[in-house]
There are 2 protein chains.
Amino acid sequence: MSEFSSNFDQRMRALLGENGWLKGQAELDAYGRDWLKRYGETPIGIARPGSTAEVAAVVRLAAQHGVTISPQGGNTGLNGGSVLGAGDRGIILSLARMNRLVSVDPIDFTATVEAGVVLAALHAALEEQLLCFPLHLGAEGSAQIGGLISTNAGGSHAMRYGMMQDLVLGLEVVLPDGAIWNGARALIKDNAGYQLRRLFCGAEGTLGIVTRAVLRLFPAPRGKATALLALDSLATAQTIGAFLRARAGEFVAAMEFFTEIGLALALKHVGGLTRPLETAGPVYLLVELTTSIEEMALDDILERALAACFEAGTVVDGAIAANETQRAAFWRLREEMPEGQRLEGAQIKHDVAAPVARLASFVAAASTAAEAVLPGVRINPFGHLGDGNVHFNLSPPAGQSDFAGREALLSEAIYDAAVAHDGTISAEHGLGQAKVALANRYRSATERDLMRRIKTSLDPANRMNPGKVV
Amino acid sequence: MSEFSSNFDQRMRALLGENGWLKGQAELDAYGRDWLKRYGETPIGIARPGSTAEVAAVVRLAAQHGVTISPQGGNTGLNGGSVLGAGDRGIILSLARMNRLVSVDPIDFTATVEAGVVLAALHAALEEQLLCFPLHLGAEGSAQIGGLISTNAGGSHAMRYGMMQDLVLGLEVVLPDGAIWNGARALIKDNAGYQLRRLFCGAEGTLGIVTRAVLRLFPAPRGKATALLALDSLATAQTIGAFLRARAGEFVAAMEFFTEIGLALALKHVGGLTRPLETAGPVYLLVELTTSIEEMALDDILERALAACFEAGTVVDGAIAANETQRAAFWRLREEMPEGQRLEGAQIKHDVAAPVARLASFVAAASTAAEAVLPGVRINPFGHLGDGNVHFNLSPPAGQSDFAGREALLSEAIYDAAVAHDGTISAEHGLGQAKVALANRYRSATERDLMRRIKTSLDPANRMNPGKVV
């Protein structure tokens with residue numbers, strides 16, 4: 001060990017204690033690699049500060065020693081945003097110990113939380129108070145608020161409640177120079193300058209470390225109605241989606257879709273699932289209405305709206321969940337899409353989006369293009385009809401174990417199609433280190449330059465999560 | 001006229017034509033001064049470009065001649081944000097000619113508009129298509145989309161739909177160097193880098209000129225229910241507000257408040273108003289529910305929720321609007337608050353906010369402090385209970401025509417109270433040139449420095465609306 005790193009080491013240990021500065025190989029592996037084990041150079045160590053002041057002290061100490069910092073929440077990201085990149089001489093800063101739910105205000109409809117609070121723990125804590133925080137996604141059992149903010153998480157309810165940036169009222173952030181910006185205000189309206197609170201949402205830790213947030217809450221749902229429909233096409237799903245938004249208006253909380261290919265994979269590999277309808281897809285639409293009004297007859301509202309769709313001949317088959325068990329079963333089908341595909345073997349994931357009105361034509365174009373690159377490739381698009389976000393995932397042709405070296409060409413075909421449909425190469429997973437080159441390719445030089453200017457203005461030495469986003 | 005300005009003049013006229021480059025005294029006055037005639041140094045001229053390319057050309061030409069640019073929408077701002085500041089050698093760039101509603105997509109629920117589209121014109125155009133853009137504020141007959149974006153406008157429906165930044169999906173912006181950033185994407189989820197679309201919301205033209213936007217739409221309301229309540233205190237209004245949010249949940253679109261003082265001034269000065277309830281305030285709460293579901297019995301839902309409030313003894317008096325005329329009459333009382341006070345004579349306006357749960361205690365503390373500065377000062381707070389935004393306005397003591405030189409002390413007392421209640425010195429009107437010193441005083445050096453860094457990184461020569469925000 002060089003004199004330098006020994007000195008840095010000693011100071012970090014003195015600052016954070018044995019429990020706050022980890023150097024064991026198991027910990028370097030656990031925190032240092034992303035959960036899909038695709039990204040992450042070995043860090044110098046893992047800092048686990050217990051307070052904002054300690055985070056600031058770590059940032060200053062790292063700066064003095066020329067060490068970079070990659071902030072990490074639940075380490076559930078898919079693009080390597082919370083682990084080190086190639087050539088980094090840096091540490092991981094885990095917010096896991098800062099997991100206090102500071103306060104909940106039922107008049108304000110706000111919660112103040114430390115960055116390390118796990119999303120599912122927040123959900124559970126609010127339930128008793130008849131309040132909810134309406135962000136829902138697959139990783140909610142591990143994902144932390146700070147990471148969700150830094151990646152501007154979306155999930156299945158974004159069509160109604162927005163993304164993380166729409167749910168954050170205030171933030172406390174430790175800046176690259178170690179200063180603490182205290183913007184943790186519980187204000188819906190605060191136009192005293194640039195909307196910094198929004199800038200840090202989705203910055204992936206490249207502009208500072210989110211340590212605390214004030215979040216918007218909503219009344220807890222007292223009623224739900226959930227339907228699963230089998231449809232002839234994604235175009236039909238789009239039409240029904242717009243129709244339901246008008247007919248069931250304020251209540252529509254989620255509109256999720258998947259296909260027969262995805263359903264078959266899930267039924268094949270994941271235990272405890274059953275085919276939900278007599279008729280097979282090819283496309284399935286999961287619709288959920290929620291309300292905080294106890295006496296509201298949501299099932300009736302959903303049934304009336306769907307009856308009109310049946311009359312118009314656009315629905316092949318469908319069912320409204322008769323009870324909580326059936327509701328959970330419908331949702332589980334959607335949620336097990338990634339697991340079903342993973343267990344099938346090799347896969348390529350793409351988190352893309354198109355305008356809602358162009359979703360079906362994007363999926364058709366991308367499918368044609370992928371088929372041209374690798375005939376027989378199994379195309380498994382699923383995701384969020386309400387906001388245009390598709391997880392456009394691929395499995396090799398039946399009977400083959402890999403993509404025959406066509407991975408890059410397949411991805412290119414899909415990103416090309418997304419951009420040709422005025423869509424995006426990253427909808428809700430961010431850029432991390434995986435997609436920086438894609439952003440440089442598909443976004444204008446003007447846009448990339450704007451981002452680099454902002455990055456340089458706040459972090460001139462490029463110490464905060466280098467190589468991510470810009 | 002110097003050779004320089006003659007040259008600049010000629011080039012501007014050549015670029016924009018007679019109708020696009022105005023130099024007449026009447027026009028310099030009309031565009032050059034804010035609508036309350038409190039701010040605005042005389043500009044060199046008024047540029048009225050007809051396209052984004054022309055805006056970019058103006059920006060480049062102004063840069064070559066060392067001329068600053070103040071972008072202007074409907075010129076309805078209250079803080080001098082869209083006119084020149086002291087010492088500026090600049091032009092006004094009006095977006096008024098760029099007023100095309102480019103497209104509306106009923107599947108996407110989006111509208112693409114040029115910056116100069118007037119808000120009320122957008123409302124009218126969407127009505128036929130059973131769609132709505134849910135931003136509502138007093139100036140909607142003049143305010144333009146670009147200005148509303150640049151000031152991150154709020155208004156009376158922000159509690160449900162958010163502020164302008166929550167309603168903007170994509171933007172096209174002419175940057176300080178004349179480059180055009182085309183971020184006018186119709187995507188709810190787009191995490192391919194920093195959320196630039198949000199940064200330009202509320203930047204007041206200091207980082208660039210918004211030329212085009214993609215806005216989120218919603219299904220048009222098919223049903224409304226509106227109640228006006230007389231209450232014993234603002235604290236009661238707060239409690240009822242939280243209760244209604246839980247009981248009438250998704251439907252609550254606006255909760256506005258005013259006081260007996262404001263009502264009396266409006267009744268005294270504004271024609272066509274009548275006292276709405278048998279019992280007088282002292283506090284009035286206007287509640288509106290809206291729904292896009294045609295058959296929804298909103299009046300019943302509102303009545304049931306209010307009945308519970310009456311039972312709890314918290315409501316003094318109240319009425320649900322029986323028809324559109326009565327609904328409009330209720331709203332007009334709230335909307336004429338500024339006019340009633342203006343016609344009474346001298347006034348001081350403050351656009352502040354506190355967390356919703358601290359609104360009543362803020363108003364009480366600010367009132368006590370103002371009374372201490374000038375005994376008998378008439379305190380007329382009104383605004384948005386649902387989001388904590390108070391227009392805390394003052395009239396001189398009865399029988400006096402001015403504030404006896406205490407204006408600055410009164411304002412200081414009110415801003416001090418807002419900040420002491422974790423509130424803000426500017427809720428929805430921005431900083432403009434009027435409130436920059438206030439922001440420097442009440443916000444941390446760290447926060448102000450962050451904003452200055454961003455400004456400098458995008459506009460190093462300080463040519464875009466200098467002296468505003470930072």
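1. A:E428 forms a salt bridge with B:K189, and their closest N and O atoms are 2.9 Å apart; a salt bridge here is a side-chain nitrogen of Lys or Arg within 4 Å of a carboxyl oxygen of Asp or Glu. Between chain A and chain B the count is 16 salt bridges.

2. This is a predicted model, in which local features need pLDDT of at least 70 and side-chain atom pairs count only at pLDDT 80 or more, while totals for chains, interfaces and linings use all residues. Residues are numbered from 1 along each chain as its sequence is written, chains are lettered from A in the order in which they are written, and side-chain values use heavy atoms, with hydrogens and water left out.

3. In the interface, 95 residues of chain A are in contact with 95 residues of chain B, contact meaning heavy atoms within 4.5 Å. The two chains bury about 7500 Å² between them, 57% of it on carbon and sulfur atoms, where buried area is the accessible area (1.4 Å probe) that two parts lose on being put together, summed over both. Of the area that chain A buries against chain B, A:K189, A:N191 and A:Y194 supply 14%, more than any other three residues.

4. Turning to the core, the largest nonpolar core has 199 residues, of which A:I145, A:F362, B:I145 and B:F362 touch the most other members; such a core is a set of buried Ala, Val, Leu, Ile, Met, Phe, Trp, Tyr and Cys residues joined through side-chain atoms within 4.5 Å, buried meaning under 20% relative accessible area (1.4 Å probe, protein chains only).

Technical notes: Buried means under 20% relative accessible area, exposed over 50%, partly exposed in between (1.4 Å probe, protein chains only).
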